[in-house]
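Keep the coordinates open as you read.

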Amino acid sequence: MCTKSELKEKMISYIHMLPDSGWVFSTSGNMSARCDDGTILITPSSVPYTLMKAEDLFEISPTGEILVAGKNRPTSSLRFHIALMRERKDCNCIIHTHAPYCLAASTVTDVVPAVTLNEKLLLASDGILTSPYAENGSEEEAANILKAIGEKNNCCLMQNHGVVTIGADIENAWIHMGYAEDCCRIWLLAQSTGRKVSYIE
Ligand SMILES: [Zn+2]
């Protein structure tokens with residue numbers, strides 16, 4: 001349990017780490033977190049991460065209305081954040097990035113089978129699925145992501161776009177993003193040998 005302002009400050013501390021994570025370039029990507037009262041905090045569009053402040057975040061209702069405006073406008077990915085928060089009650093944080101190994105994998109496969117135990121245990125027990133390409137911010141994009149994450153996965157790739165991870169809290173979603181990039185890197189490295197790649201059943 002934490003107050004809305006504490007959650008905003010916590011979110012900002014993670015947002016400030018995004019540029020060094022290697023998962024985003026410029027203002028690409030976005031992030032949301034759910035407060036105890038159900039309000040969703042979400043990043044604004046086109047604000048550099050290192051300059052982002054707590055008051056720049058938008059407060060959104062569970063159905064997507066702006067309750068408290070931040071800077072510019074809410075991220076263009078608002079639809080899939082709202083949809084995931086609605087369908088996954090166990091999820092209180094969503095991170096979307098263009099992490100390069102995840103994005104590269106999304107262009108060559110529908111699924112990254114379980115190459116590591118962390119992928120199987122923490123991200124997606126049957127492998128990370130790629131949600132088909134759809135227009136940025138569209139209903140179709142939200143539906144594709146919902147389907148790929150489903151009821152039990154914590155990650156999906158977005159074809160030719162990037163990756164989404166969810167978690168019970170900000171730390172959790174952040175760790176999932178790190179593992180997603182790590183396992184896509186390992187899978188691509190293994191694939192690049194041209195040898196048969198083994199998977200965890
Ligand atoms: Zn994106």
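**From sheet to helices**

Strand β1 (residues 30-34) pairs with strand β5 (residues 93-97) in the antiparallel sense, over 4 bridges. Two strands count as paired if DSSP finds at least two bridges between them. Helices (H or I, at least four residues) and strands (E, at least two) are DSSP runs, numbered from the N terminus. Within this pair, Ser32 stands opposite Ile94 of β5.

The model is predicted: local features need pLDDT of at least 70, side-chain atom pairs count only at pLDDT 80 or more, and totals for chains, interfaces and linings use all residues. Residues are numbered from 1 along each chain as its sequence is written, and side-chain values use heavy atoms, with hydrogens and water left out.

Now widen the view. The open sheet has 9 strands, in the order β4-β3-β2-β1-β5-β9-β8-β7-β6, and its pairing is mixed. β4 (66-68) and β6 stand at the edges with a single partner strand each, so one side of each has no neighbour in the sheet.

Go to the β6 end. Strand β6 (residues 111-112) pairs with strand β7 (residues 128-131) over 2 bridges, in the antiparallel sense. Here Val111 has Leu129 of β7 as its bridge partner. β7 and strand β8 (residues 155-158) run parallel, joined by 2 bridges. Thr130 stands opposite Leu157 in β8. From β7 the chain crosses through helix α6 (residues 139-149) to β8, a right-handed β-α-β crossover. Right-handed means that, with the strands pointing away from the viewer, the path from the first strand over the helix to the second runs clockwise.

Next, the helices against the sheet. α1 lies across β1, β2 (40-42) and β3 (58-60), at about 155° to β1. α7 lies across β1, β5, β6, β7, β8 and β9 (162-167), at about 140° to β9. Axes are lines fitted to C-alpha atoms, for helices over the stretch in contact; angles run from 0 to 180 degrees between N-to-C directions. Contact means heavy atoms within 4.5 Å.

These two helices also meet. Helix α1 (residues 4-15) packs on helix α7 (residues 170-192) at about 20°, with the axes 11 Å apart. They are therefore roughly parallel, the term for angles under 35 degrees. Their crossing is right-handed: the near helix is turned clockwise from the far one by less than a right angle. Leu7, Lys10, Met11 and Tyr14 of α1 touch Ile170, Glu171 and Trp174 of α7.

One more pair remains. Helix α3 (residues 78-87) and α6 pack at about 40°, with their axes 8 Å apart. The crossing of α3 and α6 is right-handed. Among the residues that meet are Phe80 and Leu84 in α3 and Ile145 and Ile149 in α6.

Notes:
Parallel < 35°, antiparallel > 145°, perpendicular 65-115°, else oblique.
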